[in-house]
Amino acid sequence: MVLDEKIKQQLIDTLYQGITDEMNSAYQYIALAGRYGDGELKQAFLHYAQDELRHADKLMGMLRDMGEELQHLPVVQEDQEDLYLYLIEYMAKEESAVFYYEALEQLITQPELQLLCRSMRGEEQMHLSQMRALYQKLKQK
Ligand SMILES: [Fe+2]
Ligand SMILES: [Fe+2]
């Protein structure tokens, strides 16, 4: 495999991973919004779900633009009974999403897509800090 093809394959794999993670996060956030918390918490989770779905959609667009046929994308609902544990787990996921978009930006060469990655990274950063604040607030109750 020549270098260009290797990088292309790496980019395709990375995009698949990202789409799967984004869809799973959105699914989980919708479930959380349904199950837990007051209006403010529910709205916050719905808002994150909306962002993650938009991210998945953007990543899918990148794959399609590369001429890729989309394969099966597994979405699984996790069964976590404890809201605190959920929040801790998802804060870690948001943190890794920040690194994900940083890494993706390095893999792509088109400036407009790099800009898109930067803006999605900013949104993941926002999710992380908002979720930290939610966690602190819930702990004090
Ligand atoms: Fe996301
Ligand atoms: Fe996020």
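Leaving aside neighbours within four places in sequence, which residues is Ala-56 in contact with? They are Ile-19, Glu-22, Met-23 and Ala-26. Ala-56 belongs to helix α2 of a predicted model. The protein holds four helices and zero strands, and its elements run α-α-α-α from the N terminus on.

**Overall figures**

- Taken along the principal axes, the C-alpha atoms of the protein fill a box of roughly 55 × 25 × 20 Å.
- The protein has 141 residues, of which 21% count as buried.
- Among contacts between residues at least 6 apart in sequence, 73% join residues at least 24 apart.

**Confidence of the prediction**

- The mean pLDDT of the protein is 93, and 99% of the residues reach 70 or more.
- Helix α1 (residues 3–35) has the lowest mean pLDDT among the elements, at 93, while α2 has the highest, at 96.
- Where pLDDT is low, predicted coordinates should not be read in detail.

- α2 covers residues 39–65, and its 27 residues should span 39 Å at 1.5 Å a residue.
- The buried residues of α2 are Phe-45, Tyr-48, Glu-52, His-55, Ala-56, Leu-59 and Met-62.
- Residues three or four places apart in an α-helix point the same way, because the helix has 3.6 residues a turn.
- Ala-56 counts as buried because 20 other C-beta atoms lie within 10 Å, and 20 is the cut-off for a buried residue.
- Ala-56 and Asp-21 are 35 residues apart along the chain, with their C-alpha atoms separated by 8.3 Å.
- Gly-67 follows α2 and has a positive phi, near 85°.

- Apart from neighbours within four places in sequence, Gln-77 is in contact with Tyr-27, Gln-28 and Ala-31.
- The C-alpha atoms of Gln-77 and Tyr-27 are separated by 6.9 Å, although these residues are 50 residues apart along the chain.
- For Glu-78 and Ser-25, 53 residues apart along the chain, the C-alpha separation is 10 Å.

**Helix α3**

- α3 covers residues 83–107. At 1.5 Å a residue, its 25 residues should span 36 Å, and its end C-alpha atoms are 35 Å apart, which agrees.
- Buried in α3 are Leu-87, Tyr-90, Glu-94, Ala-97, Tyr-100, Tyr-101 and Leu-104.

**Helix α4**

- α4 is made of 30 residues (residues 111–140), which should span 44 Å at 1.5 Å a residue. The end C-alpha atoms of α4 are 44 Å apart, in agreement with that figure.
- Leu-116, Cys-117, Met-120, Glu-124, His-127 and Met-131 are buried in α4.
- The cover over the buried residues of α4 includes α2 and α3.

**Packing against α4**

- Two packed helices are described by the angle between their axes and the distance between the axes.
- α3 and α4 pack at about 165°, with their axes 8 Å apart. That angle makes α3 roughly antiparallel to α4, since angles over 145 degrees count as such.
- The crossing in which α3 passes α4 is left-handed.
- The axes of α2 and α4 cross at roughly 160° and come within 11 Å. α2 is therefore roughly antiparallel to α4.
- α2 and α4 also make a left-handed crossing.
- On the α2 side, the residues that meet α4 are Leu-41, Ala-44, Tyr-48, Asp-51, His-55, Lys-58 and Met-62.
- On the α4 side, the residues met by α2 are Leu-113, Leu-116, Met-120, Glu-123, His-127, Gln-130 and Leu-134.
- Tyr-48, His-55 and Met-62 of α2 are among the residues that meet α4, and these three are also among the buried residues of α2.
- In α4, Leu-116, Met-120 and His-127 are among the residues that meet α2, and they are also among the buried residues of α4.

Methods. Residues are numbered from 1 along each chain as its sequence is written. Chains are lettered from A and ligands numbered from 1 in the order in which they are written. This is a predicted model: local features need pLDDT of at least 70, side-chain atom pairs count only at pLDDT 80 or more; totals for chains, interfaces and linings use all residues. Helices (H or I, at least four residues) and strands (E, at least two) are DSSP runs, numbered from the N terminus. The expected span of a helix is 1.5 Å times one less than its number of residues. A residue is buried if 20 or more other C-beta atoms lie within 10 Å of its own, exposed if 12 or fewer, and partly exposed in between; C-beta atoms are placed from the backbone. Two residues are in contact if their C-beta atoms, placed from the backbone, lie within 7 Å. pLDDT is the predictor's confidence in each residue, from 0 to 100. Axes are lines fitted to C-alpha atoms, for helices over the stretch in contact, and angles run from 0 to 180 degrees between N-to-C directions. Angles under 35 degrees count as roughly parallel, over 145 as roughly antiparallel, 65 to 115 as roughly perpendicular and the rest as oblique. A crossing is left-handed if the near helix is turned anticlockwise from the far one by less than a right angle, and right-handed if clockwise.
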